[in-house]
Amino acid sequence: AFDPAGLEARVEALRRRGMPNRYGEQRFGRAGDNAAAGRELLAGRLRSRVRRAARFLLSALQSEVFDAVLDARSDDYDDVRVGDLARVEASGGLFWVEDLERERPRAGAFEISATGPIFGTKVRQPRGEVAALEAEILERHGIPSGDRLTLPRGLRAEGTRRPLRVAPRSLEVLPLEDGHGFRLRSGLPAGA
């Protein structure tokens, strides 16, 4: 049955913390193999004469790696760690987190968010344990870390950082007519 009291607390936490900025299944293709094809392309074992198709496969691999970093962060997607590259929500600017006492309250107020990698040839890297975590995930997915990454001829991917979380906009909870559930409706910013 629909429990408005218990649900409201969870919805309030969603407003306060945001939600994981995960890529959806549609990014990975009907058979779910776009990221694997992107890995083959990056390794030189697959060739594509259509640059747009190659870029799409590489993008699926970037998305898979980002989601793996998000998964590795577990339930602290709304927190920051020393070494994180954090994004200032108001401006989009990035900075390295050095002082947790100063930055954790800002993350709690949704002023800043930790970011994960959209790998590429010029993406900014975190520091310390966060850098080690991301490098391990990149290697596990067959992507050389740092300046060892080379792309197939004719393909560019400079890379960027993506916030680990996103704030739902105009979040509404609507009970279903039969009383056995609810519908959650919200808007999301572009790219989420």
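1. Basis of the note. The model is predicted, and local features were taken where pLDDT is at least 70 and side-chain atom pairs at pLDDT 80 or more, while totals for chains, interfaces and linings use all residues. Residues are numbered from 1 along each chain as its sequence is written, and side-chain values rest on heavy atoms, with hydrogens and water left out.

2. Overall build. The protein has five helices and eight strands, where helices (H or I, at least four residues) and strands (E, at least two) are DSSP runs numbered from the N terminus. Read from the N terminus, the order of these elements is α-β-α-α-β-β-α-β-α-β-β-β-β. The C-alpha trace spans about 55 × 45 × 25 Å along its principal axes. Of the 192 residues in the protein, 39% are buried; buried means under 20% relative accessible area, exposed over 50%, and partly exposed in between, with a 1.4 Å probe and protein chains only. Among contacts with a separation of 6 or more, 67% join residues 24 or more positions apart, a contact being heavy atoms within 4.5 Å.

3. Helices H2 and H3. Two packed helices are described by the angle between their axes and the distance between the axes. Helix H2 (residues 34-42) packs on H3 at an angle of about 110°, with the axes 7 Å apart; axes are lines fitted to C-alpha atoms, for helices over the stretch in contact, and angles run from 0 to 180 degrees between N-to-C directions. H2 is therefore roughly perpendicular to H3, on a scale where angles under 35 degrees count as roughly parallel, over 145 as roughly antiparallel, 65 to 115 as roughly perpendicular and the rest as oblique. The crossing of H2 over H3 is left-handed, which is the term used if the near helix is turned anticlockwise from the far one by less than a right angle, with right-handed used if clockwise. On the H2 side the contact includes Ala35, Gly38 and Leu42, and on the H3 side it includes Phe56, Leu57 and Glu64. The residues of this contact divide into 10 nonpolar, two polar and two charged, where Ala, Val, Leu, Ile, Met, Phe, Trp, Tyr, Cys and Pro count as nonpolar, Asp, Glu, Lys and Arg as charged, and the others, Gly among them, as polar.

4. Helices H3 and H5. H3 also packs with helix H5 (residues 128-140), at an angle of about 135° and with the axes 10 Å apart, so the two helices are oblique to each other. H3 passes H5 in a right-handed crossing. Val65, Ala68, Val69 and Ala72 of H3 meet Leu133, Glu134, Ile137, Leu138 and Arg140 of H5, and by class this contact has seven nonpolar, no polar and two charged residues.

5. Salt bridges. The whole structure holds 20 salt bridges, each being a side-chain nitrogen of Lys or Arg within 4 Å of a carboxyl oxygen of Asp or Glu. In one of them, Arg17 and Asp75 pair at 3.3 Å, N to O. Because Arg17 lies in helix H1 (residues 4-17) and Asp75 in the loop between helix H3 (51-72) and strand S2 (85-88), the pair ties together parts that are 58 residues apart in sequence. Arg17 is buried, with a relative accessible area of 17%. Glu40 and Arg45 form another salt bridge at 2.9 Å, N to O; here Glu40 is partly exposed at 30%, and Arg45 is exposed at 56%. Salt bridges that share partners also join Arg73, Asp76, Arg81 and Asp84 into one network.

6. Backbone points to check. Most residues other than glycine have a negative phi. Phe110, which is not a glycine, has a positive phi of about 65°; Phe110 sits in the loop between helix H4 (100-108) and strand S4 (112-118) and is buried, at 15% relative accessibility. Ser170, likewise not a glycine, has a positive phi of about 50°; Ser170 belongs to strand S7 (residues 169-175) and is exposed, at 65%.

7. Surroundings of Ala167. Ala167 is placed in the loop between strand S6 (165-166) and S7 and is partly exposed, with 30% relative accessibility. Leaving aside neighbours within four places in sequence, Ala167 is in contact with Gly18, Phe110, Gly187 and Pro189. The C-alpha atoms of Ala167 and Gly187 are separated by 9.0 Å, and the two residues are 20 residues apart along the chain.
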